[in-house]
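Hi,

Here is the structure I promised to pass on.

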Amino acid sequence: MLFRPGAHADRSRQQRDTHGADRFRALERSGGGTAHPVPGVTKRFGDFTAIDNLSFDIYEKEFFALLGPSGCGKTTMMRMLAGFEAPSEGSILLGGQDIAPIPPNRRPVNMMFQSYALFPHLSVWENIAFGLKRDRMEKDRINARVAEMLKLTRLEQFASRKPHQISGGQRQRVALARSLAKAPKLLLLDEPMGALDAKLRQKTQFELMDIQEKTGTTFVIVTHDQEEAMTVASRVAVMDQGRIVQADTPARIYEQPNSVYVADFIGEVTIIDGTANPEGDGYEIAYAEGVPPLFVATDKKFARGQACHLAIRPEKVAISAERPEGRRNVLRGRILDIAYLGNISTYLVELPHGKVIKAQTANTRRLAHRPFTWEDEVWLSWSDTAAVLLEG
Amino acid sequence: MRRLTWFNATSLTLGFAFLYLPMVILIIYSFNASKLVTVWAGFSTRWYGTLLQNQAFLDAAWVTLRVAVVSSTIATVLGTMAALVLVRAGRFVGRTLFSGMIYAPLVMPEVITGLSLLLLFIGIGLDRGVFTIILAHTTFSMCYVSVVVSSRLATFDRSLEEAALDLGCSPAEAFRLVTLPIIAPAVIAGWLLAFTLSLDDLVIASFTAGPSATTLPIKIWSSIRLGSAPRSTRSPPS
C-alpha cells in the first residue's frame, strides 16, 4: 500500500500532529483523570478470539483511530463500545462507570454506521431529531438542536428531503449529524468514508476534523485506510489479530514504529534483516556477506549478534548519480523499476547481492528533466538516524 | 418503446381473452332475463334486485367479510412473527422443521387441510361456525403472509435497528418506529393476500363451516348446484 500525502494534506497533518501531541501530553500530565480506559477486554466467538485481552485508554476530546486490516477485531471492539456485543471478559469504563452491562440505548455513546443506517421512511430532519425525541426533549429544544446540527453539517436546505433524495456525501453528513445530535460522550465512526470517492473522502476528512474540534466530542474512528487514520486522528492504535500492536500519535507511529508489523502496515518501507553489533551511539548492522555493515543511531538496547530488522522509509533514502560524501550508509545499485506517481517517483533499486531497496524522490522538475531511468547505476544513501532498528 | 408486431398483438389478445373472457361472460349473463343460468332470454336487471332482497345471500356475504377481515388480521400478526423468527433467529434446534411446517400448507391439498381441520374440530367438540372458519382460514393464509414478509425481511439492513437502539430506543420501540414502517408494504401485501384467499376459499370453508354460518362462495356454489338463481323464497333457514 502506498502512503502518498499531498503537500496540502501533509502541512495540515503536521499542524494537527503538534496540536494532537500537545493535547495528548497535557492529558498525560493531568493524570489521565479524564480518560475512558478499556482495561483488558476479551471477546470470543466460539473458539475464535476476536479481541484478546485488549487494553487502551481513550482520552477526553481526542480523535482516536483503531486501524488494522479486515478481520483484526477493530469492528468488534467498536461494537463492544457501542453495546452491540458484550465482552466475554473485562470491562469498559466511561467516565468511571463500567458500561459493559449497559444496553446500547442507555449508553452515552452514539455510533455512525458504515452503511449510514439512515431511516428511509423519515426525512433528514426527522432522522436527526430521532434520538432527541427518544429522550423526551421539549419541542423547542429539539428544533434548536436539529437546526444547529443541520448548520454544522451544511444540510439546511435538505431538511425535508428523504435519504434517497440526497447524494452519498450528503447522506454521510446526515448520519454524522444524527449521531452527534445527542451530544454523546463518545462518538464511534465505523469506516465513515468507506462509501465516498477519493476526492470527496479527503474533503470529508478535513470536515470531520473540523467538526470534532468545534464540538469537542471524543471521536473513535475504525478504519482500514491508514492514510485516513493518519489524517484525522490525534492518536492511532494499530491492531493485529485482536491485539493493539502500537497506540501513538501518527508521527510516532510512522517515524518510530515498535515492530516490523507496524512499520510494514503504515506506509512503504524496506526491511533489511541482519545482526546488530554495538558501535558508538548505535549499532552496525551486518546484513550480507562481503559488504560493509550499515549503521543506525538508536537508544534501544540490543545484544551483540542479536537478530534484528532495519526499517527504512523510501523517502529517507537519497538517490544520486555521484557517490555522496560524508555519509556512513552508502550503497551502489541498479534501477530495477520506476513507479511514477505524478508528485513523487518510487525507484526499486537492486543491490549487487540481490536485495531490493525502495527510494522515493519528489518530482520537483518536469518529466523531461528526470535524471534516472531503468538500468541506471545509482548511489543510495541515508543518514545515521533515518532508519529504525526493530527486534526480530 | 417498440411497436406492436402482428405476432405480439395476437399473443396479447389471446392471453387477455384466456384470462378475462370467462368473467366477461359472467357479467353478461348476470343481465340474463332467463331463470336458467345457461340459457339467454333477453336483457334484464331483475336478478340484481332479487339479490338485494335475498337475506341468505346477504348473510353469507357478511359472514365471508367478517371471516376474511378477522382471519387475515390474525394471520398477518402470526405470519409476521413467524417470518421474524425464521429470518432473525439464526440457527436453533428444530429450525428446519419449523420452516418446513410454516411452508407446508402452501403445497398441501386444500381437501386434506379441510378434512384434517374438520376431524380436529369434531374431535375436540368444537361447534362449527364462523369461529371455526376463521381458525381454518388463519391456519392456511398465515404461511402466505410469512412468505411475503420474510422475503422483505431478508433484505432488511439490521444496522437500521441497531441505529435505533443506539439512538435510545428500547427493542420494542425500535421495532415499532423503524422495522415496522419499513416492512409495512410487505405486511400490507400479506394482509391483502390473506384477505383475498379467505374471500375466495370454497373447499376449506365447506369442510369447516357449520349450519350456523355459510360463506358466500359456498352459498353460490350450492345455488348453482341446485340449478337455481338467488331467490328469497328458496333461501334455506339460517
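Chain A has 392 residues, and 39% of them count as buried (20 or more other C-beta atoms within 10 Å of the residue's own, with C-beta atoms placed from the backbone). Please keep in mind that this is a predicted model, where local features need pLDDT of at least 70, side-chain atom pairs count only at pLDDT 80 or more, and totals for chains, interfaces and linings use all residues. Residues are numbered from 1 along each chain as its sequence is written, while chains are lettered from A and ligands numbered from 1 in the order in which they are written.

Staying with chain A, you will find 9 helices and 20 strands (DSSP runs: H or I of at least four residues for helices, E of at least two for strands, numbered from the N terminus). Among its contacts with a separation of 6 or more, 65% join residues 24 or more positions apart (a contact means C-beta atoms, placed from the backbone, within 7 Å).

Where the two chains meet, chain A brings 17 residues and chain B brings 14. On the chain A side, β6 (109-112) and α3 (124-134) each supply at least two residues, and the largest share, 3 residues, is that of α3(A). This side of chain A divides into 9 nonpolar, 5 polar and 3 charged residues.

Chain B is assigned domain 1 (6-49) and domain 2 (50-226), with bounds from an automatic or database domain assignment. Their centres, taken over C-alpha atoms, are 32 Å apart, and each of the two domains gives 5 residues to the contact between them.

Best wishes

Key. A residue is buried if 20 or more other C-beta atoms lie within 10 Å of its own, exposed if 12 or fewer, and partly exposed in between; C-beta atoms are placed from the backbone. Ala, Val, Leu, Ile, Met, Phe, Trp, Tyr, Cys and Pro count as nonpolar, Asp, Glu, Lys and Arg as charged, and the others, Gly among them, as polar.
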